[in-house]
Amino acid sequence: MAKVSFLHHTSFIGALLVASACTGVLGSGSSGDGSGDSSTTPGQTAASDRRPLVLRRLNRLEYNNTVRDLFGTQLRPADEFPADDLGGEFSTIGSALTLSPAYVRAYERAAYALVDDLFAAPDERRGRVITCDVGEGGDACARSILGAFARRAWRRPVLDEHLESLMLPIARARELGAEPAEGLKHALAAVVLSPFFMFKPEIDPDLTATAPRRLHPHELATRLSYALWSTMPDEELSLSADTGALASDSELTAQIERMLEDPKADSLLDSFAAEWLDFAHLDAHEIDAKILPEDSEDVLRSMKLEVRSFIREFMTSGRPLGEMLTARFTFIDDTLAELYGLPEGDSQPNADGLRRVDTSDAPRSGLLTLGALLTTTSLPSRTSPVKRGEYVLSRLLCEEIPPPPPGVAAAFAEEGDLTLRERMDLHRTSPACAGCHSVMDPIGFGLENYDAIGRHRTRQGNTEIDASGELPDGTAFEGAVELGAALADDPRLSGCITKKFMTFAAGRLLARADKPQIEQVTAEAEKSGGGLSDVIKAVLLSEPFRTRTPAEP
């Protein structure tokens with residue numbers, strides 16, 4: 001789109017952003033619907049005992065998904081944005097989602113690229129946004145287009161003063177004799193450059209209040225939609241917020257169940273699951289050419305599809321969480337069948353093109369023997385019992401492991417020609433290392449029958465692999481299958497997964513004061529069946545998800 005000479009677009013956007021902030025919308029307490037209870041629900045934790053939720057911007061996945069649904073585009077502009085920082089393993093944590101000048105420039109380029117793409121689109125797609133001819137319909141047409149578009153983009157009703165601000169480019173174009181469509185393009189770009197689009201505002205009616213409050217229906221709809229779909233609310237969810245019905249338990253439950261059945265819930269595999277289980281960036285994992293001389297990209301791609309398919313099964317089947325560690329099945333394609341030495345199977349391919357296979361007669365059992373997890377917890381040229389043990393403790397049991405003291409890695413590398421296990425045993429004799437490694441290493445040893453890309457093995461060179469290990473509570477096991485079975489019975493597992501999803505969905509780091517509510521939500525999920533979908537539903541119906549704790553004034 002050629003930039004019109006009557007107005008430098010960056011000056012206009014900057015002015016609009018400042019105007020939006022100064023009109024009081026971000027801090028005025030107007031949610032656009034006037035509903036919602038800002039009082040503290042009985043049993044809630046005092047604000048001083050909980051960490052407040054800061055303003056959260058859309059992360060890269062959320063941005064791409066939102067513009068897909070808003071514009072109907074196939075463009076993925078956020079792929080070129082700076083990487084999102086993680087908070088507590090997740091890219092949804094508001095306190096970690098900073099906004100640098102580079103991000104602002106990227107947002108501006110993306111906004112105009114999206115508008116250009118819209119105006120160049122076929123009539124059917126363009127007509128979903130440009131519902132009338134602004135040249136013929138004048139201001140009434142422009143207001144209609146901008147009001148509807150901003151309502152969807154901002155995920156809340158649009159106040160009159162903001163609609164008037166969006167009309168400024170239309171008026172300026174008329175004054176300078178430019179085509180009305182040029183003014184409309186700038187106005188549409190302004191909508192997606194507004195803080196109401198780039199962020200997920202949750203507005204406190206009383207800026208001096210410190211007590212937690214229930215979210216307004218539109219705030220709840222936004223939080224719910226991004227938790228389950230990583231995108232904006234659809235028409236049905238927006239209508240539920242408009243009427244205020246979403247504030248009721250029954251309506252919220254119905255919307256959660258509807259949304260989990262929608263194909264867009266697969267976004268949980270690429271957002272929550274990928275970050276919780278640390279396979280989001282598996283395709284960038286470095287593998288030594290001696291380990292996998294060729295086709296590493298194909299192997300990593302298949303591994304990622306395998307773990308997605310595996311988690312999807314637990315999202316949709318109601319299987320208990322413990323079975324994630326003991327399941328004697330997985331999903332493979334020809335690439336993984338060869339890598340794992342498994343039969344290709346004769347079941348029909350699933351949505352990811354993988355076939356389900358039984359592993360009852362193979363050394364494969366649950367999450368811990370999936371190639372993606374075994375690879376991401378390895379070094380480029382060898383396995384890492386330390387990384388694998390730390391992974392089990394932090395990702396599945398929510399145990400915090402302190403960082404290693406300086407110089408540990410170098411000291412480990414200088415040890416002589418010992419086996420890996422012997423070197424690890426020697427490493428633990430150091431007082432600086434023993435505290436953590438005596439907990440992590442015995443767990444990681446249980447996965448030593450799998451090499452750096454998840455292939456099963458019984459020997460390393462001429463040495464028989466010792467895959468025996470021990471959990472911190474003294475439970476002994478032999479190999480991955482027994483390790484998975486022991487972890488499946490660990491009472492910390494369900495509470496940890498609840499905590500992980502609550503952190504992801506609420507978008508804030510949890511504090512010690514949240515522990516009673518985590519335990520309550522975990523109990524509710526177990527009462528409902530104890531599956532992954534039960535955890536998701538229990539979290540989304542919980543007070544930590546449905547309330548906001550204001551920052552200290």
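**Starting from helix α22**

Author: Let's begin with α22, the helix of residues 492-506: its 15 residues reach 21 Å from the first C-alpha to the last, close to the 21 Å expected at 1.5 Å a residue. Bear in mind that this is a predicted model. Just after α22 comes Gly507, which takes a positive phi of about 75°.

Now the setting. The protein chain holds 25 helices and eight strands. It has 553 residues, and 53% of them count as buried. If you take the contacts with a separation of 6 or more, 72% of them are between residues 24 or more positions apart. The accessible surface comes to about 23,500 Å², with 51% of that belonging to carbon and sulfur atoms.

On to the aromatic rings. Such a pair is described by the distance of the centres and the angle of the planes. Counting ring pairs with centres within 6.5 Å, you get 18 aromatic pairs in this model. Take Tyr63 and Phe81: their ring centres are 4.9 Å apart and their planes sit at 65°, so this pair is edge-to-face, the class for angles over 60 degrees. The pair links distant parts of the chain, with Tyr63 in helix α2 (residues 60-71) and Phe81 in the loop between α2 and α3 (101-119), 18 residues apart. Both Tyr63 and Phe81 are buried.

For another geometry, look at Phe272 and Trp276: with ring centres 5.4 Å apart and planes at 20°, the pair falls under the 30 degrees limit and is therefore stacked. Phe272 and Trp276 both belong to helix α13 (residues 267-276), where they are four residues apart, about one turn of the helix. Each of them, Phe272 and Trp276, is buried. Going back to Tyr63 and Phe81, these two form one aromatic cluster together with Tyr103, Tyr107 and Phe197.

Next, a bit of strand. β2 (residues 329-332) and β3 pair in the antiparallel sense, over four bridges. Within that pairing, Ile332 stands opposite Arg355 in β3. In a regular strand the side chains alternate between the two faces of the sheet. You can follow this along β3 (residues 355-358), where Arg355 and Val357 make up the covered face and Arg356 and Asp358 the uncovered one.

Two polar residues are also worth a look. Glu543 lies in helix α25 (residues 543-546). Its relative accessibility is 18%, and since the cut-off for buried is under 20%, Glu543 counts as buried. The side chain of Glu543 is joined to that of Arg214 by a polar contact of 2.5 Å. The other residue is His162, found in helix α6 (residues 160-166). At 3% relative accessibility, His162 counts as buried. Its C-alpha is separated by 9.3 Å from that of Gly147, a residue 15 positions away along the chain.

Notes. Residues numbered from 1 in each chain as written. Predicted model: local features only at pLDDT ≥ 70, side-chain atom pairs only at ≥ 80, totals over all residues. Heavy atoms only, no water. Buried < 20%, exposed > 50% of the residue type's maximum accessible area, 1.4 Å probe, protein only. Contact = heavy atoms within 4.5 Å. Areas by Shrake-Rupley, 256 points an atom, 1.4 Å probe, with all protein chains shown as cover. Expected span 1.5 Å × (residues − 1). Pairing = 2+ DSSP bridges. Polar contact = N/O pair within 3.5 Å; in protein donor to acceptor, adjacent residues only side chain to side chain. Phe/Tyr/Trp six-rings, centres within 6.5 Å; stacked < 30°, edge-to-face > 60°.
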